[in-house]
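Subject: Structure handover, with notes on the ligand site and the voids

Dear colleague,

Please find the structure below, followed by my notes on what was found in it.

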Amino acid sequence: MFSLSGKKAVITGGGSGIGKAIALVFAAQGAQVHILELNAAAGEQVVAEIQEAGGQARVHSADISQQVQVLPIFNQIGPFDILVNNAGIAHVGNLENTAEADFDRIYNVNVKGAYNCLYAAIPQLKANGGAIVNMASIAALVGITDRFAYSMSKGAIFAMTLSVARDYLAHNIRCNSISPARVHTPFVDGFIAKHYAGQEQEMFNKLSRSQPIGRMGTPAEVAALALYLCSDEAGFVTGCDYPLDGGFTKLNN
Ligand code: NAD
């Protein structure tokens, strides 16, 4: 079960955190992995790790917010089967402390970046069908304090997932999203270091407790769900969002 043997997968942001875990798991399951990364050096390290384990991978240096960079890379990769729109950035602030530049930055990477990859991918996937997973967040589903721009961007991911799933049913393209609560990645460590210097452990514990299950998720746990959604075993699953949240959205009472 869950073999990706003979499949080609494109993963954005595969150089770190959740995207890295997805790249490692997909390669271990037999996929040829293509990582699109702003941080090409980080992507190269993941490629080396995959190759050492006997898998196949390559990195393509790209800023997904730039369509002019994204389109030629997808053409170069050629026919493929799986797209994981994972790359994303964070912003902390309510509406009043979200400057126009902050809003644009989050929009350009999280929303337009996903659109750019979908725009490049769909014409190729239409030939033989395929599977898409978009990385949303619980911020798309519930109100989170001080996440105005980030929530906006993940709500857009949620809605784009439904739209693409609907429009390409006849082309056998399945499109789903995953909505994680806090997952322990460099994204989280960077956030704590930047905003809570000197109180790192206290903040880590607080962020862990915000999931009713009492801890953060792991990148590998997100990767396991992404693997299922991109596998042939999930052939009946499309147009769905999957909260992966330690009880955050339904048990926080
Ligand atoms: P991360 O910061 O560890 O990794 C993100 C990767 O994306 C980095 O390697 C970065 O270089 C790359 N990237 C950023 N901007 C890019 C761009 N413009 N073009 C190409 N690559 C770019 O983050 P993570 O925690 O693994 O998060 C991955 C995804 O999961 C994001 O979309 C994030 O919003 C989402 N998410 C994370 C959490 C969490 O708690 N970590 C929770 C919910 C959702």
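Three helices, α1 (17–28), α5 (148–167) and α6 (186–195), each supply at least two residues of the shell around the ligand, where helices are DSSP runs of H or I with at least four residues, numbered from the N terminus. The largest share of that shell, 3 residues, comes from α6. This is a predicted model, in which local features need pLDDT of at least 70 and side-chain atom pairs count only at pLDDT 80 or more, while totals for chains, interfaces and linings use all residues. Residues are numbered from 1 along each chain as its sequence is written, and side-chain values use heavy atoms, with hydrogens and water left out.

**The ligand site**

There are 28 residues around the ligand, and Ser16, Glu37, Asn86, Tyr150 and Thr185 come nearest; a residue is counted as near if one of its heavy atoms lies within 4 Å. By class, the shell divides into 16 nonpolar, 8 polar and 4 charged residues (Ala, Val, Leu, Ile, Met, Phe, Trp, Tyr, Cys and Pro count as nonpolar, Asp, Glu, Lys and Arg as charged, and the others, Gly among them, as polar). Because domain 1 (8–181 + 218–244) and domain 2 (186–216) both give residues to this shell, the ligand lies between them, with the domain bounds taken from an automatic or database assignment.

As for backbone atoms, an N or O atom of Asn86 lies 2.7 Å from an oxygen atom of the ligand, and one of Ile64 lies 3.0 Å from a ligand nitrogen atom. Taken alone, the ligand exposes 830 Å², of which the protein buries 93% (accessible areas by the Shrake-Rupley method with a 1.4 Å probe).

The structure holds 1 cavity of 30 Å³ or more, a cavity being a set of points, on a 1 Å grid over the protein atoms alone, where a 1.4 Å probe fits but cannot get out. The largest cavity has a volume of about 50 Å³, a volume being the space filled by probe spheres set on the points.

Best regards

How values were computed:
Polar contact = N/O pair within 3.5 Å; in protein donor to acceptor, adjacent residues only side chain to side chain. 1 Å grid on protein atoms, 1.4 Å probe; cavity = no way out; pocket = protein on both sides within 12 Å on 5 of 7 lines; lining within 4 Å.
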